[in-house]
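Hi everyone, thanks for making time.

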Amino acid sequence: MQSKVVSSTQHFDDILRYVGEFGWWQKFLYFSSCFVIIVSSALQMVSLVFATGTPKFQCVTPNVTCDENKCCEECKNYSFDGSFTSTVTEWSLICDKAHIAAIVQAFFVAGMMVGSLLFGVVSDYFGRRFCLFLCSALASGFSLASSFVDCLSFFTFLRFCSGAAITGLFVGHYVYILELVGTSYRTLAGKVQDVFWVLGACLMIMIAYFVRDWRHVLLIASFPAALFYLLWRVFPESLRWLVVQGRLDDAHVILMKYADKSSVEVDSDTLSSMLQNCEASETKLKTWSKRSPLELVRTPRMRKRTLILCYNWLVLNMIFYGIMLYVPNLAGDLYLNLLLMFLTDLPHTPMSCFGRRVPHCIFMLISGLSCLLVLTVPNDMKGAITVLAIIGRFFGSASFSNIYLYSSELYPTTVRNIALGVCSTFSRLGGIAAPFIVALGQQPGVSLTLPLVIIGIMTLVAGVMSLWLPETLLSNMSETVKDVEKSRENYGVIWMGKPRPCPFFASCFGWKESGAQNRYACALQDLPEEASEDPKKTPPLHTTEDGPN
């Protein structure tokens, strides 16, 4: 029996099934690291509103009348409402200096883009554990230093470095937790951490409510990341990374500990043989998987998918940062609005029963329409704009939480990691543009709702473009670019986990009905009979390609 287990070992997931996919010790590592890393990362992200955001302001020049949060050509002096202080209030970064405030915010997101590339390399070469502890120290140090500086340019540089370190922290942690658990728990592990993001965001809002000074807010937000060092002695290296590096003895010790803590009986010699088989498989895969980024645009289908996905990622990140930074302009209490906005991230509609393509498109269209509907709101009903902004943010966030999975399924294994890295880079470009779009609302002669209108139009375009992407639920994931080009694309719909014909278009984007195919002309055509219809089933995770970037 043991020899059969050893001979069938091809992936590391087989080893985790042998010792336990999500045992007691893995649960401890998962929840403790999520509490420290994700919560501290969320604190830094949301502090963007309170440390560098623009509070409500009003013209105080005699005999000059301006709307709230608007600049006028005749006005020379403005006063803030005192709801909170930030770099904007300290250096008066409004009106003709609004672009400077946008640059400060954009540099934080630019740092995130650099961090995802830089620390991704660090994580691959030096290990996940080293990268996580390094980034936690850097994130804490840069945030602490930025709370004391009096030079705006140096503060901007420190926020850039802080954004890079925070991204290295939470992206590295995302890869770590996916490598920590087995196939059956991977989707759950990726989703449960969203709860910690919401917890961290709500905690930051509570801190900012009681501490209205931006320097004190950053000072408090800098300490949680350092708490990760409390796990120094018990936090192991990623097992998958150890196997890829050939450190089988270290991996063996950790796996035996997993089994012992979960009271699972494991034969040490059998486990060693399984690790050797897995190393041989991973080495072959590592050699085979080296591909150029040009593979993403080399063929017609790959070009189409890359163009549509990159634009969707850009827009989704623009929704996240744009609406978050726009919150101080909304009617109602700033802290309550932000709290509601992040709490709505919890009950996202699951896409497992209705596919990826249609729900993504519907969510994007609803988000875009909600932003555009602000044009119909009368001036005396500003509370309606707040409601529409929260709705737009909710559906945009719902799409964002699932586009990682959708993108992973649309790209073949050989270029999946490269593709996610490119998509992630484009998403940061959307985050960099968001502060400048929000700053447009201050300018004279421009409607305060213009930022929401711009975001709404771009979101609608992204939603319509997504209809040209195929459905991936119930489909086998492609291994190579050639597989993508040869496979039949499904443009039908999924209802309660079952393929259905297209309800609106008989030909369904070029599909022709004939004979027995008439009933399911747009349903999944290339699904093998033995393919599983369990939407929770995911393919084995390969550390050399499949981790998110």
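Let me begin with helix H7, residues 152-180, which gives three residues to the lining of the second largest cavity, the largest share from any element. Please keep in mind that we are looking at a predicted model.

So who sits around that space? The lining is made up of Tyr176, Glu179, Leu180, Glu237, Ser238, Leu239 and Tyr258. Sorted by class, that gives four nonpolar residues, one polar and two charged. The space inside the second largest cavity comes to about 50 Å³.

Now, how many cavities of 30 Å³ or more does the structure hold? There are two. Let's move over to the other one, the largest cavity, with a volume of about 180 Å³.

Its lining takes in 19 residues. If you want to find the middle on your screen, go to Thr54, Leu325, Val438, Ala439 and Gln442, the lining residues that lie nearest the centre of the largest cavity. Two elements each give two or more residues to this lining: helix H5, 98-126, and helix H17, 416-439. Which of them gives the largest share? That is H5, with four residues.

For the second largest cavity, remember, the lining includes two charged residues.

Definitions and conventions:
Residues numbered from 1 in each chain as written. Predicted model: local features only at pLDDT ≥ 70, side-chain atom pairs only at ≥ 80, totals over all residues. Heavy atoms only, no water. 1 Å grid on protein atoms, 1.4 Å probe; cavity = no way out; pocket = protein on both sides within 12 Å on 5 of 7 lines; lining within 4 Å. Points joined across faces, edges and corners; volume = space filled by probe spheres on them. Nonpolar A, V, L, I, M, F, W, Y, C, P; charged D, E, K, R; others polar.
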